[in-house]
Amino acid sequence: MAQPPRPIAVDRPFPACEEETDDIRMSRATAPIVSIMLPQARSTASVIIRATYILPNGARTMPQKTIDLRSDTVTLPTSAMRSAMARAELGDDVYGEDPTVNRLEALAAERVGKQAAMLTPSGTMGNLCALLAHCGRGDEAIVGDGSHIYNYEGGGASALGGIVYHVLPNQPDGTLALDHLRAAVRWLDDPHSAQTRLICLENTHNHCGGTVLPPAYMADVARLARERGLAIHLDGARLFNAAVALGIDAREITRHVDSVQFCLSKGLSAPVGSLLCGDADFIKRARRARKMLGGGMRQAGVIAAAGIVALETMIDRLAEDHANARILAEGLAGLPQIAIDLERVQTDIVIFELRNGMDADTFVHRLRARGVLVGDMGGERIRAVTHYGIDAGDIEQALDVISSVLV
Ligand SMILES: Cc1ncc(COP(=O)(O)O)c(C=O)c1O
């Protein structure tokens, strides 16, 4: 049986072996990583000091940091979040008695300029509660063909709420064209058709590459919705990325919508949770939907405590993620084997295409073997997302690895 690698040093990084043997590859996969956190650290990524190992064949190796760019959902809670979670004052939130949840919900409502808010375990549940609160069975919700609600939420509004998805093409910038919206709305007095009740927007738009929907566009959709008596729900999973990219308060975006869901567990780094916000009556209906879906949580202050830290301390630093995404995108644009639209790189998401005949699956596996993780979007499309825990040095390293697998 192979001997496990022996740690030999923890005080100085040791250069990685140039030639990878099977032993070294095996040790990368199985070796324990010894890490030391420095108290003044700004991000975990920049200060991990790794052990080096002597392998059974005598070779020295250092397990390298994995640079995980698959999603901003891989972020881990900060130490401030962990201690807030440990200290959180708790109660039974189904009775409305968890003081920490109540504090988070009040803070969330205030941050997006709405009357009320409700904590949900996930963005998916937040969106579903919104659709169930806005629409009845047989009603219609307009969604983009690239939207998260339509593509990645299990068809929940249709399966569980009898709601009809009316699908319109997303434009490359993530918007729904106003003339498409105008033409799609069905008149309420026609007995033949499902009744259009809701328009769903997504800002930033994940599938379109983290693009930002400008407030002026949102105002146009709001005007149209008002004329036709429709509500607007915003899937704002990355709402604060949009606000930071625009340099405006999130309320400048959310004032154009009736309800908004935003996630704590993406770039804001909290471990769990999303907030659905809207007026008090809407949130009352949404609470019924959440209970029905099994999302009534008891001492949920444990997770709300991390959410409060996220909202109070993690929004402004999203600008670092955007800057790192820009470094990555510009580096990729310099590689002849890659096609990328730099205009679409506006926040933390970088989508690019391979132009050297390699498919995304092969590319992703080659990168993984060298410690860089990215997402396969099918065909030749790849997605990389920057986030807390990834610094500019990691991006430079990822670019080196990417160019090495393309040759
Ligand atoms: C735009 C968007 N909306 C909603 C969600 C759903 O969030 P959750 O994974 O918490 O259900 C995601 C998740 O990636 C997303 O990107």
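## Residue C208

A residue is buried if 20 or more other C-beta atoms, placed from the backbone, lie within 10 Å of its own, exposed if 12 or fewer, and partly exposed in between. C208 counts as buried because 23 other C-beta atoms lie within 10 Å.

This is a predicted model, in which local features need pLDDT of at least 70, side-chain atom pairs count only at pLDDT 80 or more, and totals for chains, interfaces and linings use all residues. Residues are numbered from 1 along each chain as its sequence is written.

C208 sits in the loop between strand 8 (195-202) and helix 9 (215-228); helices (H or I, at least four residues) and strands (E, at least two) are DSSP runs numbered from the N terminus. Apart from neighbours within four places in sequence, C208 is in contact (C-beta atoms, placed from the backbone, within 7 Å) with G146, N170, P172, D173, G174 and R344. V350 is 142 residues from C208 along the chain, and their C-alpha atoms are 9.6 Å apart.

## Helices 15 and 16

Two packed helices are described by the angle between their axes and the distance between the axes. The axes of helix 15 (residues 360-369) and helix 16 (residues 392-406) come within 10 Å and cross at roughly 125°. Axes are lines fitted to C-alpha atoms, for helices over the stretch in contact, with angles running from 0 to 180 degrees between N-to-C directions. Helix 15 and helix 16 are therefore oblique to each other; angles under 35 degrees count as roughly parallel, over 145 as roughly antiparallel, 65 to 115 as roughly perpendicular and the rest as oblique.

F363, R366 and L367 of helix 15 make the contact with V401, I402 and V405 of helix 16.

Definitions and conventions:
Two residues are in contact if their C-beta atoms, placed from the backbone, lie within 7 Å.
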